[in-house]
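Have the sequence and the 3D view ready, and we'll go from the whole thing down to single residues.

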Amino acid sequence: MKTRKNLPPFKNWQKVAPQIVCAISASWAMLCTGLVRGWSSSAIPQLTVQNNETLYLEQEEAAWITSLPPLCAIFGSLLIAFPMELYGRRMTLATISIPYIMGFYLMGLSYYLKSTSLLFVGRIITGLLTGASSPTSQIYVSECSSPRIRGALGSFTATFLSLGIVIAYIVGAFVEWQTLCFLIGSLPIVLGLAMFFMPETPSWLLAHNQEPQAEVALQKLRGKYTDVEPELQRMKTNDNSQMSDVSYAKILTSSHLMKPLFISMALMFFQQFSGINAVVFYSASIFQEAGSSVDRFMSSIMIGIVQLVFTMISALLVDRSGRRLLLMISGTFMAISLIGLSTFVYLKNAWEELNVVDESNSSGSFAISELGWLPLLCLMSFIIAYSIGFGAVPQLIMGELFPLEYRHRLGTISASFGLSCTFIVVRTFPDMAATMGLGSVYGLYAACCLTAVLFVAFCLPETRGKTLEEINQFFGQPTLEDIAMQSCLVDRRNPPQSSING
């Protein structure tokens with residue numbers, strides 16, 4: 001007989017349909033992020049051709065156009081903390097759709113105005129919003145989801161991120177870059193309209209003394225025939241938002257806040273230093289090494305589709321297999337794949353050096369050409385391994401670990417740290433490959449993946465099936481009863497002065 005937590009996440013899909021709709025609506029913000037990331041792959045090759053009839057970018061300008069979004073996203077994720085707490089998760093998500101549209105449209109207008117500056121402004125705006133989208137959408141989904149399906153719904157954000165990248169790849173293969181800006185720039189309209197009809201998260205409403213509205217929102221999310229009173233009472237019991245000194249100083253001095261923050265930041269570090277962006281960056285060359293006739297656009301689309309499919313599979317597995325198991329499997333197979341890529345590069349370089357010395361030795365070149373399938377196999381296995389674990393789970397855990405009253409601040413700190421790592425990897429990979437050699441860089445990323453497996457095994461608690469309140473208590477967060485008891489003890493030790501003198 002199946003236990004409740006082993007049930008397929010969407011077995012009674014009619015009952016959880018309101019939560020699914022909310023998760024899809026909020027995850028549309030991550031689809032917009034994917035559009036921003038995917039735009040570069042299609043547009044930059046057109047903008048760096050000297051004889052084109054549009055804007056022309058020097059290589060340095062093109063490099064900055066590519067890396068501006070992850071750089072700006074660092075600041076966007078930090079700045080969004082305050083509106084997310086003041087105006088709510090729902091309103092914040094609905095509002096960011098407007099500058100998304102403006103940013104893409106400005107980029108498209110730069111073609112007609114022949115303004116490189118306008119293109120940069122549009123990339124800066126969309127870059128800031130990619131940082132704002134990640135913590136806001138992940139926190140919204142986590143706070144709206146019931147424990148049994150929170151993992152599956154929390155993986156929607158990564159799935160929609162991959163979907164956005166694929167859409168940009170496919171559309172960009174058939175239209176000019178300025179047309180691409182206007183087409184994908186219209187998709188954020190869906191985000192604004194959808195969030196207008198979604199409820200605010202019950203946790204945020206309770207934290208802002210709106211208990212009647214919180215009960216209504218919770219009833220909408222759980223279904224009209226569900227008794228939400230026990231869950232509402234549990235949320236009220238664990239709501240410390242009115243009792244706590246919500247400050248960054250408190251974060252640095254509280255172990256129950258620093259522990260989950262450290263875990264979340266470590267997962268973000270390992271996610272980026274697995275080398276995902278570096279491997280994708282070099283994917284076209286890997287296809288060439290395999291002797292494939294697939295062009296650059298098709299290879300990008302193939303990788304995007306593989307990542308999308310296996311991210312969707314991850315969403316179905318995360319609430320059945322658990323977060324820890326998926327991460328450990330993911331890290332192990334990523335390391336094996338990277339070791340395979342590193343080995344192939346070393347062998348290829350060694351045979352090329354040998355051929356320079358002895359030009360009559362053609363057996364080595366023949367052997368390497370026969371192994372052309374190896375880098376392609378390693379590339380695909382790496383993308384699959386990344387997608388089922390480290391592609392989605394770190395963001396999911398970010399939405400689970402933090403206490404309500406600190407969720408907006410800790411979530412944005414973790415997200416901005418992850419985006420900083422993204423920027424570092426993207427900017428340092430070409431220089432590292434030139435100085436260390438491509439094989440050594442892949443070996444370094446493989447070592448990071450193995451370290452990630454050990455970290456997950458020894459430091460990450462399993463959050464599958466637990467309520468957000470239970471997860472907070474695991475790290476030692478005091479409840480209202482604990483605070484009240486401590487207050488009583490202080491009062492007993494320090495009775496009023498009048499009673500002592502009386």
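Start with who touches whom: among contacts between residues at least 6 apart in sequence, 84% join residues at least 24 apart. Contact here means heavy atoms within 4.5 Å.

Before going on, a word on the ground rules. This is a predicted model, where local features need pLDDT of at least 70, side-chain atom pairs count only at pLDDT 80 or more, and totals for chains, interfaces and linings use all residues. Residues are numbered from 1 along each chain as its sequence is written, and side-chain values use heavy atoms, with hydrogens and water left out.

So what is the protein built from? It has 26 helices and 0 strands; both are DSSP runs numbered from the N terminus, with at least four residues (H or I) for a helix and at least two (E) for a strand. Of its 502 residues, 54% are buried. Buried means under 20% relative accessible area, exposed means over 50%, and partly exposed is in between, using a 1.4 Å probe and protein chains only.

**A look at one helix**

Pick out H14, which has 18 residues and spans 26 Å from first C-alpha to last, close to the 26 Å expected at 1.5 Å a residue. That expected span is 1.5 Å times one less than the number of residues. Buried residues in H14 include His 256, Leu 257, Pro 260 and Phe 270.

Ser 264 sits in this helix, which covers residues 255–272. Is Ser 264 buried or exposed? Ser 264 counts as buried because its relative accessibility is 1%. Beyond its neighbours within four places in sequence, Ser 264 is in contact with Met 398, Leu 401, Phe 402 and Ser 414.

Most residues other than glycine have a negative phi.

| Residue | Phi | Loop between |
|---|---|---|
| Asn 209 | about 55 degrees | helix H10 (202–207) and helix H11 (211–222) |

Asn 209 has 63% relative accessibility, so it counts as exposed.

**And the cysteines?**

How many disulfides does a search of the whole structure find? The search turns up 0, where a disulfide is a pair of cysteine sulfur atoms within 2.5 Å. Take Cys 448: the closest cysteine sulfur, in Cys 449, is 7.0 Å from its own, too far for a bond. Cys 448 counts as buried because its relative accessibility is 15%. Cys 378 is buried too, at 7% relative accessibility.
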